[in-house]
Amino acid sequence: ALLLILLGTAAWTIHWAARKSDEAARSRQREEDLRHLERARPLLDQASRHLSDPEATYEELVRRVRVAQDVIDAALERTPDLAAGHYLRGHAWLLTGWDDRAEESWRETIRLDPRFAAAHFHLGKLLITKTHRSGSASVTISFSAQEVGRESIQKVRMSDYHAFTTPFKESLLREGLRELEIALAQGRGFNDALERQVADGL
């Protein structure tokens, strides 16, 4: 009986050590992928600046964004639950005009990390901008994530809800406002310093 107890204890110890080793390896991989993502941010910045070039072409924009996306995709392939990766992927999609995919990426960011303030902000801004593009109401979002505040949200809230032609468009605006309010409540509430460094650049 003593031998069985000793064997059981040894097996449990080995299992516990292996589990801790796996957790440590995943943590190291996560940190490495976050550092990897930091390389994508300046690439997206360069792609964004290309838009202001009088000689800019969509093909060149896509090429530049693709370079950044390759970095982001590689990190997410290794660490799929990396909120900062989905956040940056949203910006890549937005730059190339894929609003729906950007929205999907920012929703995934929030699912993985509900306290990711910048994702709430950009999702809210996108949703409200979509109502503006529909031509159903006069809604303009011109402030940045650094400037979001009660006055900014109130400016949008003052839009005429009765101008909406469908309940869906009104609900889109209301959801966008909720996302902005969450972003404001969270402040700069990133859980990880490196994630904050990645996100603050956009």
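Helices here are DSSP runs of H or I with at least four residues, numbered from the N terminus, and their axes are lines fitted to C-alpha atoms over the stretch in contact, with angles running from 0 to 180 degrees between N-to-C directions. The model is a predicted one, so local features need pLDDT of at least 70 and side-chain atom pairs count only at pLDDT 80 or more, while totals for chains, interfaces and linings use all residues. Residues are numbered from 1 along each chain as its sequence is written, and side-chain values use heavy atoms, with hydrogens and water left out.

Helix α4 (residues 83-95) packs on helix α5 (residues 99-112) at an angle of about 165°, the axes sitting 8 Å apart. That makes the two roughly antiparallel (angles over 145 degrees). On the α4 side, A83, H86, Y87, R89, G90, H91, W93 and L94 do the touching, and they meet D99, R101, A102, S105, W106, E108, T109 and L112 of α5 (contact being heavy atoms within 4.5 Å). Sorted by type, the residues of this contact come out as seven nonpolar, five polar and four charged (Ala, Val, Leu, Ile, Met, Phe, Trp, Tyr, Cys and Pro are nonpolar, Asp, Glu, Lys and Arg charged, the others, Gly among them, polar).

T109, part of α5, has 0% relative accessibility and so counts as buried (under 20% relative accessible area, with exposed over 50% and partly exposed in between, for a 1.4 Å probe and protein chains only). Leaving aside residues up to four places away in sequence, T109 touches A83, H86, Y87, F116 and A119.

W98, at 42% relative accessible area, is partly exposed.

Methods
Angles under 35 degrees count as roughly parallel, over 145 as roughly antiparallel, 65 to 115 as roughly perpendicular and the rest as oblique.
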